[in-house]
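Hi,

Here is the structure I said I would pass on. Have a look at it, and then read on for what turned up.

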Amino acid sequence: MPSMRHALNSIAMDIMYYQSPLYRSEIINGVIRSMNHTYQIFARNNPNFSGKVSLVAHSLGSVIAYDVLTNWSPLLLYDQFVTTAIKEHLKQSGIDEEERKILEDFHSSRVKLFEDEDKVNSILLKTDEKLEFQVENMFAIGSPLAVFLVMRGVDFKKVLPSNENVKHIYNIFHPYDPVAYRLEPLYDSHYKHIRPVKLFYYGDDRAKQPYAKLPYELHKSYVRKLKKQQKKAKEKSKNGEKDDSKEEDDDESDDDDNSDALSTGSSPRSESPVPSEEAGGGHNVPPELPAPAASGNGRWWKFGGGSAVVAPSTQTEEPIELAKEAESGGSAASSSSPIPPAAHTANGPKPLTLIEALVDKIPPERRLQANIHSEIQRLDFFLQPSLTEKSYWSLLKSHFAYWQSYDLIHFMLNVLYPQPHEQQPVPQVPVAAAPAAVPVAR
């Protein structure tokens, strides 16, 4: 029991302390001091450093780092609640005239004060010191940030910071992590049917390519649901109304299907097979991956040597009659952009593919392309688990497995150092000046 109590105090109690305005300020000030101290040491050891700074934040640390970079305080939320409560109270009848005048003056002064948000922030958000640097990328791993944003009632326009303290946020999680949640569905509920970006195995050549060119992919469960709806509609048109009990049972069985189910962390499971030990060059490459493209003489950085030998996939999907879809389970965007192509041709409108029809339901102002102004216009990324990671022990250890993931390290380096032979924008950090990564962990 003492060891269990110690584990709870070190894991769960810090969340409760952070929810308290009294202890929260101490935690925020401590994190800022730690990040500034780490940056000062790095700058002192590298006086010629002129690159960008990136944060790697884990679990609750990602929430703390987000609040530091966005200057968010629960006092703002409490104050807005008080203002709304006064407004609702004034709608009641039977209030004394003197009391009503006092409340009206109090309410109008608060509304006028909140018109200048920067002034309110300067009053309520006081810290012992400020960050001495700006953050280019924040890698949030195993992050419950989405839950905190939902509890705060954050509008989709405020998911990404509007200030210059941080430019890009990457939400990376393990499918079995019970603490991690997705950010993209905060923009629109239809994004829950679009799979987050899968991080390729670090020995795969595709892991060296820009993730910005990856098309959207639908969840297999969503595709199966549309197939059943189509089948049901055809049966009704031929035979009339039928009993729906069998169809409902089939829908419930889909939810239990491990091929594309959602974990408690609202993360899609990846049906990636166990890495093959028979792959050449000492790499463990999932056998279902297509053969990598031939590489030139110039090689980018890599872990180990040799080239991976990959067996092609033999699995096929039943074609979907609603629209012509890729066999991977719903990818319909072009290979050069995740945005679905226009649904018109020279002869007139063409039938929408599944992904086009889904994206068409999302209001333009809520689409990721309208809110993420960066090359990679996605927020959610997930690591590929192996088939052996289907146990309660995997559920517990997945939250702490990020620090040993080569796939995650490879993705971070891919973001920080785009391949020089590709026609990419100027790298964020010069090759001569390595980026400074300040860890913010629990």
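This is a predicted model: local features need pLDDT of at least 70, side-chain atom pairs count only at pLDDT 80 or more; totals for chains, interfaces and linings use all residues.

S59 sits in the loop that links β1 to α4. With a relative accessibility of 1%, S59 is classed as buried, because the cut-off for that is under 20%.

The backbone there is worth a look too. Most residues other than glycine have a negative phi. S59 is not a glycine, yet its phi is positive, near 55°. N71 also has a positive phi, about 55°, without being a glycine. You will find N71 in the loop between α4 and α5 (74-90). Its relative accessibility is 37%, so N71 counts as partly exposed.

Now for the inside. The largest nonpolar core has 47 residues, and the ones touching the most other members are M138, Y187, I194 and L218. Several elements each bring at least two residues to this core, including α3 (21-45), β1 (53-58), β2 (135-141), β3 (166-173) and α9 (220-239). The biggest contributor is α4, with seven residues.

Another core, of 22 residues, lies apart from the largest one, and its members include V56, Y170, F173 and L383.

Cheers

Conventions:
Residues are numbered from 1 along each chain as its sequence is written. Side-chain values use heavy atoms; hydrogens and water are left out. A nonpolar core is a set of buried Ala, Val, Leu, Ile, Met, Phe, Trp, Tyr and Cys residues joined through side-chain atoms within 4.5 Å. Buried means under 20% relative accessible area, exposed over 50%, partly exposed in between (1.4 Å probe, protein chains only). Helices (H or I, at least four residues) and strands (E, at least two) are DSSP runs, numbered from the N terminus.
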